[in-house]
Amino acid sequence: MTANLIVPGATQTGWITTADALVREIERLTEVSAFQSDLLDASAPARLFDRAEQTFGRVDILINNAAHCIGDTFIPADDSRDWGGRPTVFIDALSIDRHFAVNVRATALLIAEFARRYVARGAKWGRIISIRSRDLRS
């Protein structure tokens, strides 16, 4: 059985390395593509699936592996740094909104778009895999 899958990713520093490594590993087993997109944009999931369907004809497996993470905290230490070497900063509403937009909303919208298209084509087989890297650097 051949399965087509997409690996959506956010436009953040460090994403390309992670997604490319994942794609190289999966390419040994099946056809795969990683599509970069700004997941802060609520219309991105539909565009990602449009592009994937242009590439494959259908999507059987969705791997949610995108995340937004910056070094913000409630009480940053004077000398503390985030994963990218930037000074940590006080958390604010914009930071919280960006975290939730990518990590929660985009993940849910990608799953919803996959499900909509799955039902529309009368699919009998498909998978959704949501993972996060403990060592995300962005």
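**Group meeting: the nonpolar core and its aromatic neighbours**

Let me begin with the largest nonpolar core, which has 12 residues, namely Phe35, Leu39, Ala44, Leu48, Phe49, Ala52, Val59, Leu62, Val102, Ala106, Leu110 and Phe114; by nonpolar core I mean a set of buried Ala, Val, Leu, Ile, Met, Phe, Trp, Tyr and Cys residues joined through side-chain atoms within 4.5 Å. Helices α2 (44–56) and α3 (93–120) each supply at least two residues of this core. Buried stands for under 20% relative accessible area, exposed for over 50%, and partly exposed for in between, with a 1.4 Å probe and protein chains only.

Please keep in mind that this is a predicted model, in which local features need pLDDT of at least 70 and side-chain atom pairs count only at pLDDT 80 or more, while totals for chains, interfaces and linings use all residues. Residues are numbered from 1 along each chain as its sequence is written, and side-chain values use heavy atoms, with hydrogens and water left out.

As for confidence, pLDDT, the predictor's score for each residue from 0 to 100, averages 78 over the chain, with 76% of the residues at 70 or above. The lowest confidence in the chain falls in strand β1 (residues 5–10), at a mean of 56, and the highest in α3, at 91.

The chain contains three helices and six strands, taken as DSSP runs numbered from the N terminus (helices are H or I, at least four residues; strands are E, at least two). Their order from the N terminus is β-α-β-α-β-β-β-α-β.

In strand β3 (residues 61–64), Ile61 and Ile63 point one way and Leu62 and Asn64 the other, and all of them are buried. In a regular strand, side chains alternate between the two faces of the sheet. Strand β3 runs parallel to β6 (residues 127–130), and four bridges join them, where pairing requires at least two DSSP bridges between the strands; Ile63 has Ile129 in β6 as its bridge partner.

Finally, the search of the whole structure finds two aromatic pairs, counted when ring centres of Phe, Tyr and Trp (its six-membered ring) lie within 6.5 Å, with planes under 30 degrees apart stacked, over 60 edge-to-face and the rest tilted. The ring centres of Phe114 and Tyr118 lie 6.1 Å apart with planes at 25°, so this pair is stacked. Both residues sit in helix α3, four residues apart, about one turn of the helix. Phe114 counts as buried because its relative accessibility is 5%, whereas Tyr118, at 23%, counts as partly exposed. Together with Phe49, Phe114 and Tyr118 form one aromatic cluster.
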